[in-house]
Structure formats: C-alpha cells, structure tokens
Amino acid sequence: MKKISLLLVSLLMVAGMAMAQNQGRGGNRTPRETAQEMTDRMVKEYSLDDDQKSKLLEVNDQYLKDAQKRYEAARGQAGNNNNGERPQMTQEQREKMRKEMTEAREAYNKKVKEIFTEDQFKAYQKKEQEARSQRQPRG
C-alpha cells in the first residue's frame, strides 16, 4: 500500500513538474486539453471505438480536473513561508494527500473498467503495472 501511495505522489509531482516546464512552451494546458491527449493515446493503444472514446474523454477530463483541485488544495494547506521557497507539507498532510490520490485512482480505474472490454482492460492493467515497476526505485 505504501508503494502505491508513493507512486501516486510521484505521479503528481511529475505532473506538476511537467506543467511547470510547459509554461515556457505556449503556456499551461487545461485539464480538458490534457484529457484529450490522454484519451487520444489510449484510443490508439487499446483500439477503442467512438462510443468508448467519448465516455473515456469525460472520465479523463473529470479525473484531471479533480487532480488539479487536490493539488491546489494541498499547496494551499502547505501555506506560504514568505522566503521564496516552496511551501512544505506536514507528514499528516502528505498522508492525507496520498490517501485521496489512491482513492481517486481506484475510482478512475473502476470507471475505465466499465468502458473497456475485458481484453482492453487487461492490456490497460498490464501497461499500468509495467509503468509502476519502472518508476519504483531500484535497490
């Protein structure tokens, strides 16, 4: 469970860094734009039909909007330390955020499972597991 939580926090951090890097290249993308890119990639990868695509786009859009809200709320809770440094979260705040992220990811996967066929969802799970194992620290 700790590994999953750590993974989810890592994903959020990577997403935050990616958004920060994207600022210099045309500004921030909206959650809807990111959801569209994510959906397009998944349509190709899992051979989804048009009905599945439209449903998945809505699920991805809502998931990313909620993730953005969680991220902004977490940053707000960390406070402002007025010395130009990034606000630090307490251990309790990090644990709460990990729990929320885990629950959100589980709910997302449940919705994806409803949209995908059994074979498509198995392929999705396999790809997610491979990505997780690549992100885990070695040693």
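The buried residues of H5 are Gln120, Phe121, Tyr124 and Glu128, where buried means under 20% relative accessible area, exposed over 50% and partly exposed in between (1.4 Å probe, protein chains only). These residues cover an arc of only 95° around the axis, so they sit on the same side of H5; the arc is that of the directions from the helix axis to the C-beta atoms. This is a predicted model, in which local features need pLDDT of at least 70, side-chain atom pairs count only at pLDDT 80 or more, and totals for chains, interfaces and linings use all residues. Residues are numbered from 1 along each chain as its sequence is written, and side-chain values use heavy atoms, with hydrogens and water left out. Helices (H or I, at least four residues) are DSSP runs, numbered from the N terminus.

**More on H5**

- On the other side of H5, you will find Glu118, Asp119, Lys126 and Gln134 exposed.
- H5 has 18 residues and reaches 26 Å from its first C-alpha to its last, close to the 26 Å expected at 1.5 Å a residue; the expected span is 1.5 Å times one less than the number of residues.

**How H4 and H5 pack**

- Helix H4 (residues 91–115) and helix H5 (residues 118–135) pack at an angle of about 150°, with their axes 10 Å apart. Axes are lines fitted to C-alpha atoms, for helices over the stretch in contact, and angles run from 0 to 180 degrees between N-to-C directions.
- H4 and H5 are therefore roughly antiparallel to each other, a label for angles over 145 degrees.
- On the H4 side, the contact (heavy atoms within 4.5 Å) is made by Arg105, Tyr108, Asn109, Val112 and Lys113. Phe121, Tyr124 and Glu128 make it from H5.

**Arg94 in H4**

- Arg94 is found in helix H4, and its relative accessibility of 30% means that it counts as partly exposed.
- The C-alpha atoms of Arg94 and Ala74 are separated by 8.4 Å, with the two residues 20 apart along the chain.

- The 16 residues of helix H2 (residues 31–46) should span 22 Å at 1.5 Å a residue, and its end C-alpha atoms are 22 Å apart, which agrees.
- Pro31, Ala35, Met38, Thr39, Met42, Val43 and Tyr46 are the buried residues of H2. Seen down the axis, they fall within an arc of 140°, so they line one face of the helix.
- Ser47 lies in the loop between H2 and helix H3 (50–78). Ser47 has a positive phi of about 50° although it is not a glycine, and at 58% relative accessibility it counts as exposed.

Methods
Helices (H or I, at least four residues) and strands (E, at least two) are DSSP runs, numbered from the N terminus. Angles under 35 degrees count as roughly parallel, over 145 as roughly antiparallel, 65 to 115 as roughly perpendicular and the rest as oblique.
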